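User: I have a structure open and I'd like to talk it through. Can you help me read it?

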Amino acid sequence: MAVTAAAMPVPKFPGAPNLLGKAILAPGAAIESVMISPLFNRRFICADHPEGEVTELGDALGTDCLVLGGFADEDSGYFRLFKSDGKQNPDWYGWHAPVLSPITGKVVGIYSNPLTNTPGNMQPALPSFIAFKRPDDVVVVYAHVTDIRVKVGDQVTAGQIVALDGNNGFARAPHIHVGAYRGVTPLQIRWDQKAEKKIFANQ
């Protein structure tokens, strides 16, 4: 969800203060983590942003997640991201996959970017995103979503469908960026593996 000088003006959300502001992690400080509910109701894989790679809250220590497919293709195994060459969004297993709420809490921010990218290309603009907030003030952000099913002020339950997987803003393929922070401190994402066990039991 990285933002550059060419990006659109950043909207402000009182419920998600500091979103896209400077993340502060003191040199040598331990990295805190937050455990959240699974992003998708199918197998997925994530690539983390290491410390210092991006420095905005919602980005810092975040992770980019893609749905895995190929389950019916005996020759290729499980670890495929797209069905053929990946040049069109519907070719990706994650395209328009249901996106599940990371927490039980409140929707405190929504931004919508109506433009859809073609795989391999991206727009220098903010992606569509949803910001969620737990009662302990942890904010979790999902970026690159589409077909958002919630609105600011809604109470959500972990695992509830809140949007679909999209490809907009700073994205080159259908995926969801997940970031988290409390105050000005970025948090590392951990997945609730007990919840994953229930969701993935028959996969």
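User: Quick one to start. Is Cys 65 buried or exposed?
Analyst: Cys 65 counts as buried, because its relative accessibility is 0%. Keep in mind that this is a predicted model.

User: OK. What does Cys 65 bond to?
Analyst: Cys 65 is joined to Cys 46 by a disulfide. The S to S distance is 2.1 Å. A disulfide is a covalent bond between the sulfur atoms of two cysteines.

User: Which parts of the chain does that pair tie together?
Analyst: Cys 46 lies in strand 2, residues 44-48. Cys 65 lies in strand 3, residues 63-67. So the pair ties together parts that are 19 residues apart in sequence.

User: And is Cys 46 buried, partly exposed or exposed?
Analyst: Cys 46 counts as partly exposed, because its relative accessibility is 28%.

User: Which hand does the disulfide have, and why?
Analyst: The disulfide of Cys 46 and Cys 65 is right-handed, because the torsion about its S-S bond is about 105°.

User: How many disulfides are there?
Analyst: The count comes to 1 disulfide.

User: Let's zoom out. How many helices and strands does the protein have?
Analyst: The protein has 1 helix and 12 strands. From the N terminus on, the order is β-β-β-β-β-β-β-β-β-β-β-β-α.

User: How compact is it, next to a globular protein of that length?
Analyst: It is as compact as a globular protein of that length, because its radius of gyration is 16 Å, close to the 17 Å that the globule rule gives for 203 residues. The C-alpha atoms fill a box of roughly 50 × 40 × 35 Å along the principal axes.

User: What share of the residues is buried?
Analyst: Of the 203 residues, 48% count as buried.

User: Now helix 1. Where does Glu 196 sit?
Analyst: Glu 196 lies in helix 1, which covers residues 193-199. Glu 196 is buried, yet has no salt bridge.

User: New topic: rings. How many aromatic pairs are there?
Analyst: The structure holds 6 aromatic pairs. One of them is Phe 40 with Phe 44, which is edge-to-face. Their centres are 5.7 Å apart, with 70° between the planes. Phe 40 is buried at 0% relative accessible area. Phe 44 counts as buried at 13%.

User: What kind of pair do Tyr 111 and Phe 129 form?
Analyst: Tyr 111 and Phe 129 form a stacked pair, 5.8 Å centre to centre and 20° between the planes. Tyr 111 is in strand 5 and Phe 129 in strand 6, so the pair ties together parts that are 18 residues apart in sequence. Tyr 111 and Phe 129 are buried.

User: Which residues make up their aromatic cluster?
Analyst: Phe 13, Tyr 111 and Phe 129 form one aromatic cluster.

Notes: Residues are numbered from 1 along each chain as its sequence is written. This is a predicted model: local features need pLDDT of at least 70, side-chain atom pairs count only at pLDDT 80 or more; totals for chains, interfaces and linings use all residues. Side-chain values use heavy atoms; hydrogens and water are left out. Helices (H or I, at least four residues) and strands (E, at least two) are DSSP runs, numbered from the N terminus. Buried means under 20% relative accessible area, exposed over 50%, partly exposed in between (1.4 Å probe, protein chains only). Lys and Arg count as positive and Asp and Glu as negative; His and the chain ends are not counted. A salt bridge is a side-chain nitrogen of Lys or Arg within 4 Å of a carboxyl oxygen of Asp or Glu. A disulfide is a pair of cysteine sulfur atoms within 2.5 Å. Rings of Phe, Tyr and Trp (its six-membered ring) pair if their centres lie within 6.5 Å; planes under 30 degrees apart count as stacked, over 60 as edge-to-face and the rest as tilted. The radius of gyration is taken over C-alpha atoms; the globule rule is 2.2 Å times the number of residues to the power 0.38.
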